[in-house]
There are 2 protein chains.
Amino acid sequence: MLNFSTSEENYLKTIFHLQTKDENVSTNELAEKLKAKPASITDMMKKLKNRKLVNYQPYQGFRLTPEGKKVALSIIRRHRLWEYFLAEKLKFSWDEVHEVAEQLEHVSSKKLIDKLDEYLGSPKFDPHGDPIPDTNGKMETGKQISLQELPLNKTARICFIANQSGLLLEHLNEKKINIGASIAVKRKFSYDDSLEIKLDNKLMTISDQLAKNIFVKHG
Amino acid sequence: MLNFSTSEENYLKTIFHLQTKDENVSTNELAEKLKAKPASITDMMKKLKNRKLVNYQPYQGFRLTPEGKKVALSIIRRHRLWEYFLAEKLKFSWDEVHEVAEQLEHVSSKKLIDKLDEYLGSPKFDPHGDPIPDTNGKMETGKQISLQELPLNKTARICFIANQSGLLLEHLNEKKINIGASIAVKRKFSYDDSLEIKLDNKLMTISDQLAKNIFVKHG
DNA sequence: AGTATTTTTTAGGTTTGTCTAAATTTATTT
DNA sequence: AAATAAATTTAGACAAACCTAAAAAATACT
């Protein structure tokens with residue numbers, strides 16, 4: 001894979017996040033996300049079109065080519081792996097990791113990212129619950145959310161426990177709450193944000209604190 | 001501390017490495033180190049002089065101001081901490097770390113570096129044996145000498161391995177001779193210049209060839 | 001000291017990525 | 001379908017960081 005400038009990488013990454021199945025990304029849309037002027041977007045689109053990273057026809061918006069998507073995914077991979085590293089190893093809080101990862105993601109060394117991934121144990125989700133693409137750009141579908149964010153009566157699967165302290169794990173064990181289990185939220189009590197959940201056809205109540213550390217995926 | 005461009009940071013860092021107590025750095029000297037043309041150096045010196053980071057008089061060479069030195073040391077700190085991280089945690093070999101650290105050193109987040117330092121246990125030497133400056137730019141100053149030059153019974157710390165070949169590293173590994181270890185020379189055999197050394201309270205004999213490649217610092 | 005050589009600087013140009021302002025195309029409204 | 005508004009592109013400019021070639025200063029050499 002060739003080398004790209006920080007600017008090009010940011011454009012590709014942002015287009016990836018903006019584009020949907022059927023709709024092209026518009027110049028103004030991208031300009032706003034990147035905090036740049038529309039004229040700058042047009043300039044860059046011409047360049048990226050030349051490099052065959054986007055499909056672009058004047059006045060018609062643009063989208064990534066398969067090659068462009070591949071590059072975007074590798075940047076997103078770097079970003080999310082660094083976020084994971086910052087949170088997990090350096091103990092950054094979840095809301096501080098993004099800014100620093102924005103810089104780290106542009107360090108281009110395949111070997112660095114592969115070794116970082118290995119060192120971290122090939123995590124599948126970053127600290128915001130977003131899936132981390134693998135070397136081939138493949139990743140889990142859907143976003144990981146905390147149990148607290150799960151809408152009422154939506155069935156989901158437990159896939160990750162954050163902030164793994166001994167006490168928390170012990171508590172989960174006692175309540176027989178395990179990774180992989182099917183779970184749904186039946187009631188939310190606004191007084192203390194505790195939840196009534198349904199697990200293995202059994203109802204129980206869990207605290208806000210606990211719910212925030214249980215991550216689930218739809219489906 | 002203000003923010004500097006990658007280019008400015010590379011200039012400051014390189015001037016720091018080139019300047020000596022009494023001699024200014026010359027335009028050509030810096031041009032060669034940075035693989036740039038002399039004209040580019042002059043351009044940048046004007047800019048850095050404006051920012052009061054170097055003392056520069058046309059045709060007279062230049063050197064860092066105290067402020068410039070402070071910035072240079074913080075870049076060197078970042079570089080060496082990342083080198084340590086790459087070698088120690090990601091298991092890069094000593095000769096691969098520099099190139100990647102050249103990129104990582106320009107990620108500017110005070111918090112990142114402080115947390116990285118803490119995570120690594122505030123190491124004092126990087127994988128090449130060079131001292132790592134602390135937050136205030138202070139670092140170990142002792143002069144590096146080869147083990148062959150170390151006086152009898154003086155305790156010293158291993159800080160640098162020269163001429164690192166795979167064989168040498170393997171050999172050191174086998175003898176459990178590591179950077180940072182405390183070491184002293186007990187006897188010198190003039191027949192073949194081999195040494196009897198004390199390492200971790202154990203006596204062993206090493207060849208002249210090996211001793212010449214091990215660098216230590218007093219203290 | 002006067003000339004030749006080396007070093008350094010100046011002048012002007014290039015590339016990348018940005019901008020503003022004007023022109024153009026597309027979309028919306030009456 | 002015109003007229004108006006919005007979105008997009010073009011044209012031209014600018015800053016950073018580099019370059020080449022020519023000029024100027026410092027140094028070295030008879």
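Trainee: By class, how many charged residues does the surface near DNA strand D have?
Mentor: This is a predicted model, in which local features need pLDDT of at least 70, side-chain atom pairs count only at pLDDT 80 or more, and totals for chains, interfaces and linings use all residues. Residues are numbered from 1 along each chain as its sequence is written, and chains are lettered from A and ligands numbered from 1 in the order in which they are written. Near means a C-beta atom, placed from the backbone, within 6 Å of the strand; Ala, Val, Leu, Ile, Met, Phe, Trp, Tyr, Cys and Pro count as nonpolar, Asp, Glu, Lys and Arg as charged, and the others, Gly among them, as polar. Next to 8 nonpolar and 8 polar residues, the number of charged ones is 3.

Trainee: Which element supplies the largest share of the surface near DNA strand D?
Mentor: Helices (DSSP runs of H or I, at least four residues) and strands (E, at least two) are numbered from the N terminus. At least two residues each come from α2 (27-34) and α3 of chain A and from α1 (6-18) and α3 of chain B. The largest share, 4 residues, is that of α3(B).

Trainee: Which element gives the most to the surface near DNA strand C?
Mentor: DNA strand C is surrounded by 20 residues, with A:Ser5 and B:Asn28 among the closest. With 5 residues, the element that gives the most is α3(A).

Trainee: How many residues of chain B are in contact with chain A?
Mentor: Contact requires C-beta atoms, placed from the backbone, within 7 Å. On the chain A side there are 13 residues, and the number in chain B is 13.

Notes. Two residues are in contact if their C-beta atoms, placed from the backbone, lie within 7 Å.
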